[in-house]
Amino acid sequence: MSRHPRGESQARVVTKTISQRRQRSRHVPPSLNPTTPAFLKQYQDTLRKLAQSEALNSGDLSRAFRAISKASCALLQVERSSTWLLSKERDSVALVDLYETSRRRSRPDIVFPSTHCQPYLRALTREPRAVAVSRPFHDSRTRDLTSTYLSQFDIQAMLSAPIRQKGRLVGVLCAESIGTPRQWTRQEEHVAGLLATMATLALEVSDRREVEQALRLAKEAAEVASLAKSEFLAGMSHEIRTPMNAIIGMADLLWETPLTPDQRKYLRIFRRAGSTLLHLINDILDLSKVETGHLELEAIEFDLRETLDKAIDILAMRANEKRLELTAHLSPAVPCRLIGDPTRLTQILINLIGNALKFTEHGAVEVSVTCDPHRPTAGAIRISVSDTGIGIPPNKLDAIFDSFTQAHVSTTRQYGGTGLGLAITKRLVERMNGRIWAESTVGRGSTFHCSLLFQTQTTSAQHTSAAPIDLTGIRVLAVDDHPTNRLILRETLGAWGAQVTEASDGKAALEELRCAAEQGKHYELLLLDCRMPEMNGFQVVEQVNTSSNEKRPTIIMLTSDHWADDIARTYDLGLGGYLIKPIRRGDLLQSIGIALGRAKGVPSIPEKSVEPSPTTPLRALRVLLVEDSLDNQLLIRAYLKQTNHSIEIAEHGAIAVEKFKATHYDVILMDMHMPVMDGYSATKTIRSWEREHDLPATPIIALTALALKEESALIFEAGCNTHLTKPVKKSTLLEILRAYKEHIRS
């Protein structure tokens, strides 16, 4: 018997074990050989399922990494696969996922300082595919991990694939052989690299989801902020408009009383300042409505010519006060019967023309409306507003359309304004399927172009009527130093049948009259600009009156304002009339009709027949005013003071309801925002009481300071018949009461 049989047996066992391990490390099962069709099929199926899996595209890193680790164990035939990520500061590496086929050991909360594995991280940074380590306890790249990680789990081989984002190392995917050494093949390194790439895709999906979530939260926060802003502006609108109603209303009433010249001058400034403040409030509300998408455009039939004339009428006085020539030319080729929002179109025109007037001290502001040359579509128009003002630097042409922006800070100091008008105009134009742009030369003026698209009315042909006045054969001489005014006169009068000749100054006009008289072709109508250089209109008239020509034309003077001396001289000289510029079609028609009717017996424009007043007298209205503001109570009382209407006051909705139940009223003026009971609740209560007692509905007119579409919807939903937005004008209130009064006979 051997002396050391036990020792010999133990040596043989150790040798046999090492040999078996070496064989296993070199041996790959036939079914898993990377060159076999079975492995290739499994490899392709696993990668395809992983790439298409919902987990990888969910944005949930835990699910995505678990799916990748599971695929790693299956493809690389390891018992354990782990995923690690570097911290944002890159000072630590944390285990974020661990998958084990045996589920015997699990430490998913492991974190290593980066300083404890620097050689390993440097190797991952350099390696494009994977770091293959067959003897991790002896490899310089992984030796630092021996005591802290490798020995704890008996990791005998590691295949580490770097996870990168934008070329930077952010983590590592590890396939770990437990208890058995292993040699890694090139194919396995390639597989590990592909799995790491999928981990990168999972990270990018997660980042994208985080960005989307952040954007969604930011959008929701912006919507909440926008809603809060709208509510704040609406509330401020109410708080400001309520006292503004009293301020502007009382100023209008004071204007109707006897005043000294100084008092009237002060009051004019007072009223102008109030109108400016109200305009600013409207601009801020409009901007808020556009930005929050609450601005809705109408689609109604309107006449472009009437809309243009309305805008010109509003701004004519401002132009005349600055001694500026304001002209508006509408090309005959432009269709006038359109479908769209005339109110917003008027706002665009007023903003553009008002902006031009503000920055122009001398010269003219010209408005031109033509067909859009770049959009050959019926209803496509271009509005151009040109001025001779200060101009805009080239680098500011785009910025002027931004909110609260003007060309230069000194512009605000000198000319005032907030920079909201053009911003609102730009947004309105874009909402109307158009665009706006500007051209300018500093010191010479600017031109703002606005392209808009409207629908045309299909029934336009049915509305075509004969010319409003027949000037066929009548020779007209139009004298004006401004070419646009002459163009307007030539096209308008030519459409009515007149033979129009132009003259650019007084001397040319006299020469033309002389030549015409010599040829026996006398002019029957002379349209003469009052204020021209060298020789003004009155000097021309004096020359015409002193000439030997017995057949003098009928003369209509074109003046730039309601100057009392100009008008008086017109009558003193026995002229046919005067016409206030800017020239409007309706005014021109009326003036010519009257002048020719007096001079030549040509029938003037027939006046509209006035319907006889009803034989039954209209009785006074009994009005209930529901208003909590003492100033506004006094204002409405003053508005109705000179009428025969009687008025009673209710300080809030609850008192109004009790008064209504006890007394009959013909009309109720209902403020919508009051303490105790607001106008909405009071109106609903009144309507309910009327239904319960089978009574006809009493007209209820809402008085509101909120100029918002949502407010109008709530007002009508409550049961009001109509509404007036504060500040309430006296003429508007009396007109509405007159309309209701006509339906009430005594």
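A: Happy to! The accessible surface of the chain comes to about 38,800 Å², and 53% of that belongs to carbon and sulfur atoms; such areas come from the Shrake-Rupley method with a 1.4 Å probe, and for residues only the protein chains shown count as cover. This is a predicted model, where local features need pLDDT of at least 70 and side-chain atom pairs count only at pLDDT 80 or more, while totals for chains, interfaces and linings use all residues. Residues are numbered from 1 along each chain as its sequence is written, and side-chain values use heavy atoms, with hydrogens and water left out.

Of the 746 residues, 46% count as buried (buried is under 20% relative accessible area, exposed is over 50%, partly exposed is in between, with a 1.4 Å probe and protein chains only). Among contacts with a separation of 6 or more, 67% join residues 24 or more positions apart; a contact means heavy atoms within 4.5 Å. The chain has 22 helices and 24 strands, which are DSSP runs numbered from the N terminus (helices are H or I with at least four residues, strands are E with at least two).

On a 1 Å grid over the protein atoms alone, a cavity is a set of points where a 1.4 Å probe fits but cannot get out, and lining residues have an atom within 4 Å of a point. The lining of the largest cavity includes Trp 84, Val 93, Phe 112, Cys 117, Tyr 120, Leu 121 and Val 172. Helix H4 (118–126) and strand S6 (168–178) each supply at least two lining residues.

Thr 83 sits in strand S1 (residues 80–86) and counts as buried because its relative accessibility is 1%. Beyond its neighbours within four places in sequence, Thr 83 touches residues including Phe 65, Ala 94, Val 96, Ile 163 and Val 172. Val 172 is also one of the residues that line the largest cavity.

Phi of Gln 77 is near 55 degrees, a positive value in a residue other than glycine. Most residues other than glycine have a negative phi, and most peptide bonds are trans. Gln 77 counts as partly exposed because its relative accessible area is 44%.

Elsewhere in the chain, Asp 694 also has a positive phi, of about 55 degrees, although it is not a glycine. Asp 694 lies in the loop between helix H20 (679–692) and strand S23 (700–704), and it counts as exposed because its relative accessible area is 71%. The peptide bond from Lys 581 to Pro 582 is cis, with omega near 5 degrees, and Pro 582 lies in the loop between S19 and helix H17 (585–600).

Conventions:
1 Å grid on protein atoms, 1.4 Å probe; cavity = no way out; pocket = protein on both sides within 12 Å on 5 of 7 lines; lining within 4 Å.
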